[in-house]
Amino acid sequence: MTIKYLSVSLLAISAIQICLAALTKRVACPDGKNTATNAACCVLFPILEDIQTNLFDGGECGEEVHESLRLTFHDAIGFSPTKGGGGADGSIITFDEIETAFHANGGIDDIVDVQKPFIAKHNISAGDFIQFAGAVGVSNCPGAPRLNFFLGRPPAKAPSPDLLVPEPFDTITNILARMADAGFSPEEVVALLASHTVAAADLVDPTIPGTPFDSTPGLFDTQVFIEVQLRGTVFPGTGGNQGEVESPLRGEMRLQSDHDLARDSRTACAWQSLANNQARMQAQFKVVMQKLSLLGQNQANMVDCSEVIPVPQPLPATAKPHLPAGFKQDQVEQACASAPFPALSADPGPVTAVPPVPPS
């Protein structure tokens, strides 16, 4: 009888929730195609359509997504309670002649130049556009979480100071100190680096631009947390580049900072915890990306327009956490002192293909 009444109660609660959802007032947007819970969010639908078609090549998880996601970090992390900077305010575009010249922002002028016409066309603040484009771009990558987006960043008032963006050759102590200054814990630093699952390097080794950080750069999966933990044996291009260490795969680049974070006692267990846990990686990345996107901003003065962000596709059924073809468990460099690295199966098939390295 208890189970019967419990089932009835649950059904009643579910019915109430459905009714409440139906009663939520929605506003018809001027485009005649969309509705929103807040009319302020209607301005985003034409921008969404435009950037999916003309920035992200019809909704692909490609180079422009990688670069747009990188830009969200490089703009927002320009924030310090003691040194200044407006955080996620768009200053990297508003004052691009200053900030793109910073060493840590090398190569970012390309995506800045690509995004500027969209900002002018749609009359949106640079800070809002950068974070919106980053969230929309990530939604094109299978396996990604649906990121939140808040609208209402005012125009940037001044450029960010230099030396606030961590570099791949910085020590872990310096990286963690810089990120702590901006309000991030060591665990949150690792969570942010889930972005490297769909990222690539252009200037670390300029002979091989676009070299990815894991073997599945088109998927938002946990492979980067697995493959960075493997013993490095080769450089994908030339050796001796600042900020790069040996990789386990020729078609893959390993940043010195990723390598060191995966092996440092302050971050190794956090890194390992994401190696075969897609749901954990998604959840942590979603939370820390919201925090990043609001650096220097007053959330109380902003509108939650997260409903405009598309829902990402799930990972393909074949995309399981795995060791790349030819690798064995004993090639993992164990670093977490409190738990063994998870046992992984071998390469499951074609989803692991790494793009070939162009000849130098």
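**Salt bridges, core and loops of a predicted model**

Nine salt bridges are counted in the structure, a salt bridge being a side-chain nitrogen of Lys or Arg within 4 Å of a carboxyl oxygen of Asp or Glu. The model is a predicted one, in which local features need pLDDT of at least 70 and side-chain atom pairs count only at pLDDT 80 or more, whereas totals for chains, interfaces and linings use all residues. Residues are numbered from 1 along each chain as its sequence is written, and side-chain values use heavy atoms, with hydrogens and water left out.

The protein chain contains 13 helices and 10 strands, where helices (H or I, at least four residues) and strands (E, at least two) are DSSP runs numbered from the N terminus. Of the 360 residues in the protein chain, 50% are buried; buried means under 20% relative accessible area, exposed means over 50%, and partly exposed lies in between (1.4 Å probe, protein chains only). The accessible surface of the protein chain is about 16100 Å², and 59% of this surface belongs to carbon and sulfur atoms, the areas coming from the Shrake-Rupley method with a 1.4 Å probe, with only the protein chains shown counting as cover for residues. Among the contacts in the protein chain with a separation of 6 or more, 71% are between residues 24 or more positions apart, a contact being defined as heavy atoms within 4.5 Å.

The largest nonpolar core has 90 residues, and those with the most contacts inside it are Leu44, Ile51, Phe132, Phe184 and Phe225. The largest share of this core, eight residues, is supplied by helix 7 (residues 126-139). A nonpolar core is here a set of buried Ala, Val, Leu, Ile, Met, Phe, Trp, Tyr and Cys residues joined through side-chain atoms within 4.5 Å. When neighbours within four places in sequence are left aside, Phe225 is in contact with Val190, Leu193, Ala194, Trp271, Leu274, Ala275, Met281 and Phe341.

The side chains of Asp50 and Lys121 meet at 3.0 Å, N to O. This pair links distant parts of the chain, with Asp50 in helix 2 (residues 44-54) and Lys121 in helix 6 (residues 109-122), 71 residues apart. Asp50 counts as buried because its relative accessibility is 8%, whereas Lys121, with a relative accessible area of 59%, is exposed. A salt bridge of 2.7 Å, N to O, joins the side chains of Asp128 and Arg153. Here too the pair links distant parts of the chain, since Asp128 belongs to helix 7 and Arg153 to the loop between strand 3 (150-151) and helix 8 (172-181), 25 residues apart. Both Asp128 and Arg153 are buried. In the salt bridge between Arg266 and Asp264, the side chains meet at 2.8 Å, N to O; Arg266 counts as partly exposed at 40% relative accessibility, while Asp264 counts as buried at 16%.

Beyond residues up to four places away in sequence, Asp75 touches Gly87, Ala88, Asp89, Gly90, Ser91, Ile92 and Ile130.

Several loop residues complete the description. Asn241 is placed in the loop between helix 10 (223-227) and strand 6 (244-245), and it counts as buried because its relative accessible area is 16%. The side chain of Asn241 makes polar contacts with the side chains of Asp205, at 3.4 Å, and of Glu244, at 2.9 Å. A polar contact is a pair of N or O atoms within 3.5 Å; within protein, one must be able to donate a hydrogen and the other to accept it, and residues adjacent in sequence count only if both atoms are side-chain atoms. Lys328, in the loop between strand 9 (322-323) and strand 10 (345-346), is exposed, with a relative accessible area of 59%. Lys328 is 17 residues from Ser345 in sequence and 8.8 Å from it in space, C-alpha to C-alpha. Asp57, in the loop between helix 2 and helix 3, has a positive phi of about 55 degrees although it is not a glycine.
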